Amino acid sequence: MIKKMLAQAYIWLLLIILYAPIIIIAIFSFTNSKVLGNWTGFSTDLYVNLFTGGVNNSLIRAIQSTLFIAVVAATISTFLGTVAAIGITKWHGTKKKIITFLNDIPMLNPDIITGISLFILFVAVGLSQGYTTVILSHIAFCTPYVVLSVMPRLTQMNPNIYEAALDLGATPWQAFRKVLIPELKGGMVSGWILSLTLSIDDFAVTLFTKGNEGLETLSTYIYADARKGGLTPELRALMTIIFVTVLVLLIIINIRANKAAKKN
Amino acid sequence: MRRSNWAIPYFIFLLLFVLLPLVMVAIYAFQDNSGAFTFDQFVKFANEPESINTFTYSLEIAMITTVLCLLLGYPAAWILSNKELNKSSVAIILFILPMWINMLIRTLATVALFDFARLPLGEGALIFGMVYNFLPFMIYPIYNTMQKMDHSYVEAAQDLGATPLQVFRKVTLPLSMPGVGSGVLMVFMPTISTFAISELLTMNKVKLFGTTIQENINNGLWNYGSCLALIMLVIIGVSQMFVSQDDLDSDEKGGLI
Amino acid sequence: MSDCIIRVKDLTKSFGDKVVLKNINLEVKKGEFVTILGPSGCGKTTLLRLIAGFHVADEGVIEMNGQDLTGMPPHKRALNTVFQRYALFPHLDVFNNVAFGLKLKNVPKEEIEKRVRKVLKMVCMTDYEDRDVNSLSGGQQQRIAIARALINQPEVLLLDEPLAALDLKMRKDMQIELKEMHQKLGITFIYVTHDQEEALTLSDTIVVMNEGVIQQIGSPIDIYNEPQNSFVADFIGESNILNATMIKDHRVSFINKEFDCVDEGFGENVPVDVVVRPEDIHIQDDKSKAVFFGKVTSCIFKGVHYEMLVTTNEGFELLVQDYRYYPVDSEIGMSIRPEDIQVMKKERICNTFEGTMVSANEVEMLDGARFTCNDTGLSAGTKVKVEVDFDKIDMLDDKDAGATSAQVTAILYKGDHYHLTISTYEGDKLYVDTQDVWDKNDIVGVAIKPEDLRVIKAE
C-alpha cells in the first residue's frame with residue numbers, strides 16, 4: 001500500500017513538473033501584464049489582441065500559412081504514401097530492403113540534417129524558396145509515416161480481395177477506389193492526421209527551406225519573436241490555444257482508437 | 001498496371017528528396033569553394049578549438065540529458081506499466097501529450113517558468129529544458145516495451161523462486177532493454193542536434209553543435225556547414241547501430257494513432 | 001490422511017462480480033497424476049493459479065503437506081509450473097533458462113551444470129544448452145519448460161495446458177513422454193486441459209469442472225462409464241443422453257421402450273436421465289434378439305468404425321457405432337445391455353425462479369422483467385417462487401419481442417429434442433426443451449404464457 005502511494009506520488013510529481021510551465025502560461029494568458037509572473041487583474045485582452053491587433057497581422061498570416069502548408073502537405077503525402085504502400089507490399093528481397101531503408105531515413109534523421117540537406121539541394125538546382133520548397137520538404141518527412149500507418153492494414157488484409165474485384169469485372173482504378181480505399185481508410189486517416197501534426201509542429205526543416213521572401217509559419221514566427229528578446233505577451237494566449245487544441249485532438253484520437261480496439 | 005509499379009513514383013521521390021540531398025551534403029563536405037575535392041573542411045574542424053569544444057560540449061550536454069531522462073523516466077515507465085501500482089490510463093496519456101506540442105512552445109514555456117521563478121537562464125536552464133522537453137520520449141518507448149511484456153515471464157520467475165527484487169533484476173530489467181535503447185536514441189538524437197532550444201534557454205550564452213552548423217549555413221559557408229552536418233550524421237548513425245531497427249519502428253512519435 | 005499432498009477446502013474466487021470458482025473441495029494424493037478437465041472459462045486455470053500462488057482466494061484454504069499456503073508468495077511455494085505457451089525467458093539461452101531457479105538459490109556452479117545436464121538429458125534435449133530459446137520448435141520449447149520446472153525438484157508440478165500449442169502428432173508423443181516422466185519421477189502432477197482424450201490417457205484421477213463447480217471426481221474409467229450428470233456425459237466422449245423414467249429398481253424406460261438396468265435406489269416412476277455410449281448400442285442382425293428397431297439416416301466411416309445416425313421407429317435419433325457397415329435407409333434392430341445403461345439423477349425437473357409480485361397477476365423476475373400470470377390473489381411485493389416446465393418457455397428470434405432476453409450457453413441433444421441452457425444478462429439460467437435448432441451464443445427473446453407460470457408464495 002505504501003509502495004503504491006509512493007509510486008503514485010512520484011508519477012504525479014513528475015507530471016506537475018512537466019505541466020507547471022504550461023499551466024503558468026495558461027494562467028498568465030488571462031492577464032495583460034507585459035512581464036510574466038506579474039498578475040495585473042483578469043483580462044482577455046491578450047486573446048482579443050491576438051486576432052484583432054493590427055501589429056499582429058503577420059501572426060495571423062503565419063497561422064494561415066502553417067495551416068495551408070499542413071493541409072496541402074498532409075493530403076499529398078497521404079495519397080503518395082498510400083499508393084506507395086500498396087506497391088511496396090508487392091516488392092520483395094533487396095528492392096524492398098532498399099525502399100524501406102530510404103523510407104526510414106527521414107524518420108531517423110534529425111530535423112536539422114533534413115533541413116540542411118534539402119536547403120542545399122534547392123539552392124544547388126536553383127529552385128526559389130517559398131511555399132513550394134516548404135511543402136516539398138514537408139511531404140518528404142510526412143510520407144514515411146503515412147506508409148507506416150497504411151502498411152499494417154495491407155498486410156492484415158486478405159490479399160485476394162483486389163483480385164476478387166478484378167475478377168468480378170472492376171477496372172484496376174475501380175478496384176482501387178471501391179475495394180482497397182475502403183479497406184485502408186483507417187490507416188489513411190491516421191496517416192493524414194499524423195502528417196498534419198508533424199507539419200504544424202515542424203520548425204527546423206521549415207526554417208531552412210522557407211527562403212527569405214517573408215514566408216513564416218507559426219514555429220518560425222515564434223522563433224523569430226523569441227529571439228528578439230522575451231515573449232510577446234500575446235504569445236501566451238496563442239500557446240494556450242494550441243495546447244487546448246492539441247489536448248482536444250488527442251482526446252478525439254484516443255476515443256477513436258478505443259472504439260476501433262473494441263470493434264476487434 | 002501491375003500493382004508493384006505503384007511504388008515507383010514514391011521511390012523516385014525518395015531518391016530525389018531524401019537520398020540526393022544527403023549525397024549532396026556529403027559531396028559539399030569534401031569540396032572547397034571552387035568545387036574541387038579537398039579534406040580542408042575536416043582539417044579546419046580539427047584545428048579550430050572552438051568547433052571542437054562546442055562539439056564535445058554538445059556531446060556532454062546530450063549525454064547528461066539522456067542519463068537524467070533515463071534515471072527519471074525508467075521508474076516512471078515501470079510504475080505506469082505495473083498494473084498493481086497504476087490502474088488508470090490517464091497518467092500515461094498525460095505523459096504522451098507534451099510530445100504532440102511544438103518543441104519551441106515547450107521550450108518557451110520553460111523560459112517562462114524560469115522567468116516566473118526568477119531563476120537565471122543558462123546551463124542549468126538548458127539541461128532542465130532539455131530534460132523537460134525529451135522526458136516523454138524516454139518514458140514512452142520503455143513503457144511500451146514493458147506494457148507488451150508477457151506477464152507470464154514475471155510469474156515464471158516467481159514460480160522458480162525469485163523474490164520481487166530478483167524478478168526485476170533478472171527478468172523485467174533485461175526484457176525492457178529494447179525500450180531503453182530506443183528511448184536513449186530518441187532523447188540523444190534531438191539533444192545532440194538541437195539549436196533553437198539552447199539559443200532560447202541560455203539567451204545565446206551557450207552554443208551547441210547544432211547552432212554552429214546552422215550559423216555556418218546561414219553565413220553561406222555551405223562546405224564547412226555540410227562537413228559539420230556530415231560529422232553529426234556519422235555520430236547519429238553510430239548511435240543508431242546500437243539500437244535494432246525493430247524497436248524503432250512504431251515508437252517514433254508516441255504511436256498514439 | 002498422510003498421503004494427501006494438496007488439499008483445497010471450500011475455495012471461492014471471483015473477478016469483479018463474476019464468480020469463477022464456487023466452493024471447490026479437492027484432495028490430491030502424493031504421486032498422483034490429477035487432471036483438471038473442463039471447457040474454456042470453467043475456472044480450471046484459475047484453480048491452478050490459486051495453487052501456484054498467482055491469485056489470492058476470496059474464501060477457503062489451500063494446504064500443502066498440511067501447511068496452509070494462504071498469504072505465501074509464489075516464490076516460497078515448493079511447487080513449480082509449466083506455463084501455457086511455456087513463458088521461456090527470451091533473453092536467456094536454454095542453459096540459463098533451465099538454471100534460472102538454481103542460480104537464484106546460489107547453488108555452486110559445478111552442481112548447476114551437473115543438474116542442468118541431467119535434467120536436459122531427461123527431457124531428451126542434451127546438446128541444446130547454448131541455443132536461443134526462440135530458435136526452438138514448439139515441442140522443444142515445451143521440453144525446456146518442463147526441464148526448467150523440474151530442476152528445482154518440486155514436490156508438485158503444475159501444468160497449465162502444456163500441450164495446447166502443439167500439433168496433433170507432437171501432442172500424442174508428448175503425452176506418452178509426460179506419462180513416463182511422471183512414473184519415473186514419482187512426483188505429483190496437477191494437469192489442466194480442455195482435451196478430454198488427453199485427460200483420459202494421462203490421468204490417475206480426473207476432476208471435471210464446469211462454470212466454476214466441480215462436476216465429478218474419479219478415475220478415467222469411472223468418469224467415462226459412470227458420468228454423474230449430463231454435462232460430464234456430454235463432455236467426455238460421444239454419448240446418447242435421453243430422458244427416462246425409473247419404473248422401479250433395475251427397470252428403466254426410455255425411447256418408449258423398457259429396459260433392464262443395474263441401477264437401484266432412485267424410487268419408483270422417477271424422471272431420470274440415461275446415458276448410452278454409441279458403441280454400447282448393439283446392432284442385432286438376428287432380429288429376434290433386438291429390442292427396438294430403426295432406420296439408418298447417415299453413415300460415416302471413421303477409420304476404425306462406422307458412425308451412424310439411427311432414427312428409431314418411435315422417432316428418437318440415436319448415435320450408433322459399429323465395425324460393420326449398414327447403408328443409409330437399412331432397417332436395423334438394436335439392443336442395449338443392462339450394464340451399459342448409466343442412469344443419472346436429474347439435476348432438476350423444472351425451472352424455478354425467485355420473483356416478486358407486482359400485482360395479483362404480474363410477477364417480476366429474471367433481471368427485473370415482468371411476466372403476466374393467472375390471478376394469484378397475492379398482493380404486490382409478495383416474494384414468490386415461480387416454476388415453469390422446460391417445454392413451456394418460448395424462445396423468439398427477436399430478442400426484444402419477449403419479456404426478457406437471454407443467450408444460449410449450452411446445448412444438449414436428447415434424442416428427440418434439444419435441452420438448452422440460456423442465461424440472462426445478469427446470469428440467471430433458464431432451461432428449455434425445444435425442437436428448434438439454435439446455435440450457441442444466439443441471443444433470443446424469452447416469453448412464457450400466463451397459464452404456464454406456477455406461482456407459489458415463498459416461505
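Val207(C) stands opposite Ile217(C) in β10(C). Val207(C) faces a residue of strand β10 of chain C. The two strands involved are β9, residues 205-210 of chain C, and β10, residues 213-218 of chain C. They pair in the antiparallel sense, over 5 bridges. Strands of a sheet pair through backbone hydrogen bonds, and the pairing can be parallel or antiparallel.

Now follow the chain from one strand to the other. β9(C) and β10(C) form a hairpin, with 2 residues between them. Look at Glu211(C) in that turn. Its phi is positive, at about 50 degrees.

What is the order of its strands? Strand β4 of chain C, residues 59-64, is joined to β5(C) by 2 bridges. These two strands run antiparallel. Which residue is the bridge partner of Glu63(C)? It is Asp68(C), in β5(C).

Leave chain C and turn to chain A. Here the picture is helical. Chain A has 11 helices and 0 strands. Read along the sequence, its pattern is simply α-α-α-α-α-α-α-α-α-α-α. Its C-alpha atoms fill a box of roughly 75 × 65 × 35 Å along the principal axes. Chain A has 264 residues, and 42% of them count as buried.

From the N terminus on, the elements run α-α-α-α-α-α-α-α-α-α-α-α-α. The C-alpha atoms of chain B fill a box of roughly 70 × 65 × 35 Å, again along the principal axes. Of the 257 residues in chain B, 52% are buried. Among contacts with a separation of 6 or more in chain B, residues 24 or more positions apart account for 75%.

Next, see how the chains meet. There are 2 pairs of chains that touch, and the most contacts are between chains A and B. In that meeting, 65 residues of chain A are in contact with 71 residues of chain B. Several helices of chain A supply at least two residues each, among them α3 (57-88), α6 (131-156) and α8 (172-201). Which helix gives the largest share of the side of chain A that touches chain B? That is α1(A), with 12 residues. By class, this side of chain A has 51 nonpolar, 10 polar and 4 charged residues.

Zoom in on one place where these two chains meet. Two packed helices are described by the angle between their axes and the distance between the axes. The crossing of α5(A) past α12(B) is left-handed. From α5(A), the contact uses Ile113(A), Ile116(A) and Ile120(A). From α12(B), the residues include Trp222(B), Gly225(B) and Leu233(B). The contact of these helices has 7 nonpolar, 2 polar and no charged residues.

Chain B also meets chain C. This contact takes 15 residues from chain B and 16 residues from chain C. On the chain B side, α7 (151-159) and α8 (164-175) each supply at least two residues. The chain B side divides into 7 nonpolar, 5 polar and 3 charged residues. What about chains A and C? No contact joins them, and their closest C-alpha atoms lie 16 Å apart.

Confidence in chain B is highest in helix α1(B), residues 8-29, at 94. Confidence is lowest in helix α13(B), residues 245-248, at a mean of 48. Over residues 246-257 of chain B, pLDDT stays under 50. Where pLDDT is low, the predicted coordinates should not be read in detail.

Definitions and conventions: Residues numbered from 1 in each chain as written. Chains lettered and ligands numbered in written order. Predicted model: local features only at pLDDT ≥ 70, side-chain atom pairs only at ≥ 80, totals over all residues. Pairing = 2+ DSSP bridges. Helix = DSSP H or I, 4+ residues; strand = E, 2+ residues; numbered from the N terminus. Contact = placed C-beta atoms within 7 Å. Nonpolar A, V, L, I, M, F, W, Y, C, P; charged D, E, K, R; others polar. Left-handed = near helix turned anticlockwise from the far one by under 90°. pLDDT = per-residue confidence, 0-100. Buried ≥ 20, exposed ≤ 12 C-beta atoms within 10 Å, placed from the backbone.
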